[in-house]
Amino acid sequence: MRLKTVRTHCPELDALTRHVRSFAIMLADRKGECLPEWIAAVRQDDLPSLHTLAAGIDRDRDAVIAGLPLPWNSGVVEGHVNRIKMLKRQMFGRAGFDLLRKRVLLA
């Protein structure tokens, strides 16, 4: 109920919520053909942060539209990269590459 009240009192937040939810649905349903309409709808509202996101996606529009319907993602790889970066940050200034390598292989 509070969210509904806030959204009725703040039209910018309401528009932002609608755009983010529609983008999430588009990603979940893998509907790349809806992307141009989503970008056009975002550009009609006065939301600078979403304009930046839409401009970045629009620069690679063909690649994003081609990639959205595919079932593959790099989530597992990103998880491993984040784990290695965390280990590296924990060891900053303490040891060299050899110890980092051992920790990565043993973790």
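**Exercise 1.** Is aspartate 14 buried, partly exposed or exposed, and at what relative accessibility? Then work out how aspartate 14 pairs with arginine 7.

*Solution.* Keep in mind that we're working with a predicted model.

- Start with the cut-offs: under 20% is buried, over 50% is exposed, and partly exposed is in between.
- Aspartate 14 has 22% relative accessibility, so aspartate 14 lands in the partly exposed class.
- Arginine 7 comes in at 18%, so arginine 7 counts as buried.
- Now the pairing: aspartate 14 and arginine 7 form a salt bridge, with 2.6 Å between the closest N and O atoms.

**Exercise 2.** At what angle do the axes of helix α1 and helix α2 cross, and which residues meet?

*Solution.* 

- Take the axes of α1 (residues 2–9) and α2 (residues 11–29): they come within 5 Å and cross at roughly 115°.
- On the α1 side, look for Leu3, Val6, Arg7 and His9; they meet α2 residues Pro11, Leu13, Asp14, Thr17, Arg18 and Arg21.
- Sort this contact by class and you get 4 nonpolar, 2 polar and 4 charged residues.

**Exercise 3.** Which arginines form salt bridges with aspartate 58?

*Solution.* 

- Searching the whole structure turns up 4 salt bridges.
- One of them joins aspartate 58 to arginine 43, closest N and O atoms 2.9 Å apart.
- That pair links distant parts of the chain, with aspartate 58 in α4 (residues 48–59) and arginine 43 in α3 (residues 35–44), 15 residues apart.
- Aspartate 58 also bridges to arginine 61, this time with a closest N and O distance of 2.7 Å.

Terms used: Residues are numbered from 1 along each chain as its sequence is written. This is a predicted model: local features need pLDDT of at least 70, side-chain atom pairs count only at pLDDT 80 or more; totals for chains, interfaces and linings use all residues. Side-chain values use heavy atoms; hydrogens and water are left out. Axes are lines fitted to C-alpha atoms, for helices over the stretch in contact, and angles run from 0 to 180 degrees between N-to-C directions. Helices (H or I, at least four residues) and strands (E, at least two) are DSSP runs, numbered from the N terminus. Contact means heavy atoms within 4.5 Å. Ala, Val, Leu, Ile, Met, Phe, Trp, Tyr, Cys and Pro count as nonpolar, Asp, Glu, Lys and Arg as charged, and the others, Gly among them, as polar. A salt bridge is a side-chain nitrogen of Lys or Arg within 4 Å of a carboxyl oxygen of Asp or Glu. Buried means under 20% relative accessible area, exposed over 50%, partly exposed in between (1.4 Å probe, protein chains only).
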